[in-house]
Amino acid sequence: MRRITRITTVGIAAAALALSATACGKSSNDTGSSPSSSSQATKVALAYDIGGRGDQSFNDAAYAGLQKAVTELGVKGSEAEPSQGESDADKVARLTSLARAGNNPVIGVGFSYAPAIAKVAKSFPKTTFGLIDDTSVTAPNIANLVFNEEQGSYLAGVAAAKTSKTGTVGFIGGVEVPLIKKFEAGFTQGVKDTNPKAKVLTQYLTQPPNFDGFSKPDLGKAAAQGQLDKGADVIYAAAGLAGSGSIEAAASAGKWAIGVDSDQYNQSGLSSYKDHILTSVTKNVSGSVFNLIKSVKDGKPESGEIRYGLATDGVGLADSNPAYKKMTDVIAAVDAAKKNIVDGKITVKTAP
């Protein structure tokens, strides 16, 4: 099967697109400069996870960090998209191409890049590699950018339990992997600590090695509809692009959805459903990307585990929806839970 990898050069005012086709182990890419960048500008690159840019969630959060770095630091940014059903070898080829082009850092957006970064980082010891959501691979030139997703999800559980009128809420995980089970664990604990009688419906869209659960909105929509049919009136999905389908289903039914990774209330692609996006569990993926790029540009590259938690606003709960801001009792309960987690009075589970 022919695999397509898109590599984009990001400019401050506009983006210059380039297509790179990978077939039979060969690839090429256009690394021409953008109008606003000089040839001497620091070059940095993102390699996106399943779903790619435009997922209104995880990948878009990383892109926001790249945009900020282009604007504020004057770097020249490139993006590389994943291909459907790609192998680790495809990821190795992508990362190698980006490193050979002089990008530093090269950031793999998602835990699926761990095997490829483990291999490529050895070949480019002077290049810093960022690995988001994974600590299994370490080296002096690897920065592991990780988050306490369970803590933000706990707050979502509190909000869901306080908001639900039926006493039944739903959790949808994209793929049943340890990372997503952290979201489930925190959410369920937050719900139960707030309302022990509440029922949490849980469903995973796919099982590894099938990662369609992060990329196919129809799967999220069908799962959410099933939970709505069982009485759920608040649904939280940690499923990347597939989560947009669950938001659509909840909104169409006049129920609440809880977003993930980005503040999905403010995502243009979800504007039709925004009034039903109660809140979102945010991860400061954009900040982690920006911070890593800045550290390399400043000559002091980050390395090892860089953890973002509730205490440092590395994770949190968005309050963009005006309807949510009016729920003073819900906000008070969320704020109290946040304080108790930060103070160590509540320890949030990382597995169900």
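Author: A salt bridge is a side-chain nitrogen of Lys or Arg within 4 Å of a carboxyl oxygen of Asp or Glu. The structure discussed here is a predicted model, and by this rule its count of salt bridges comes to 15.

Reader: How far apart are the N and O atoms in the salt bridge between Lys-294 and Asp-298?
Author: Lys-294 has a relative accessible area of 34%, so this residue is partly exposed, and Asp-298, with a relative accessible area of 47%, is partly exposed as well. The side chains of these two residues, Lys-294 and Asp-298, meet in a salt bridge whose N to O distance is 2.7 Å.

Reader: Is Asp-212, which forms a salt bridge with Lys-216, buried or exposed?
Author: The closest N and O atoms of Asp-212 and Lys-216 are 3.4 Å apart. On the Lys-216 side, a relative accessibility of 34% makes the residue partly exposed. The cut-off for a buried residue is under 20% relative accessible area, and Asp-212 has 18% relative accessibility, so Asp-212 counts as buried.

Reader: How many residues apart in sequence are the parts that the pair Lys-283 and Asp-133 ties together?
Author: Lys-283 forms a salt bridge with Asp-133, and their closest N and O atoms are 3.0 Å apart; both Lys-283 and Asp-133 are buried. Lys-283 belongs to strand S12 (residues 277-283), whereas Asp-133 sits in the loop between strand S6 (129-132) and strand S7 (142-147), so the separation in sequence of the parts tied together is 150 residues.

Reader: Which residues are linked with Asp-133 and Lys-283 in a network of salt bridges?
Author: Lys-283 and Asp-133 form a salt bridge with each other, and this pair is part of a network of salt bridges. Besides Asp-133 and Lys-283, the residues linked in that network are Glu-149, Glu-150 and Lys-182.

Reader: Which element gives the most residues to the lining of the second largest pocket?
Author: The second largest pocket has a volume of about 240 Å³ and is lined by 14 residues, of which Asp-133, Asp-134, Thr-135, Leu-179 and Lys-182 lie nearest its centre. Strand S7, helix H5 (178-194) and strand S13 (304-308) are the elements that give two or more residues to this lining. By class, the lining divides into 6 nonpolar, 2 polar and 6 charged residues. The largest share, 3 residues, comes from H5.

Reader: What is the volume of the largest pocket?
Author: The largest pocket is lined by 17 residues, and Ile-50, Ser-83, Gly-85, Glu-86 and Phe-211 are those nearest its centre. Sorted by class, this lining has 6 nonpolar, 6 polar and 5 charged residues. The volume of the largest pocket is about 410 Å³.

Reader: What is the phi of Asp-261?
Author: Most residues other than glycine have a negative phi. Gln-56, in the loop between strand S3 (43-47) and H1, has a positive phi near 65°, and with a relative accessible area of 14% this residue is buried. Asp-261 is found in strand S11 (residues 256-261) and, at 8% relative accessibility, counts as buried. Although Asp-261 is not a glycine, its phi is positive, at about 70°.

Key: Residues are numbered from 1 along each chain as its sequence is written. This is a predicted model: local features need pLDDT of at least 70, side-chain atom pairs count only at pLDDT 80 or more; totals for chains, interfaces and linings use all residues. Side-chain values use heavy atoms; hydrogens and water are left out. Helices (H or I, at least four residues) and strands (E, at least two) are DSSP runs, numbered from the N terminus. Buried means under 20% relative accessible area, exposed over 50%, partly exposed in between (1.4 Å probe, protein chains only). On a 1 Å grid over the protein atoms alone, a cavity is a set of points where a 1.4 Å probe fits but cannot get out, and a pocket is an open set with protein on both sides within 12 Å along at least five of seven lines; lining residues have an atom within 4 Å of a point. Grid points are joined across faces, edges and corners, and a volume is the space filled by probe spheres set on the points. Ala, Val, Leu, Ile, Met, Phe, Trp, Tyr, Cys and Pro count as nonpolar, Asp, Glu, Lys and Arg as charged, and the others, Gly among them, as polar.
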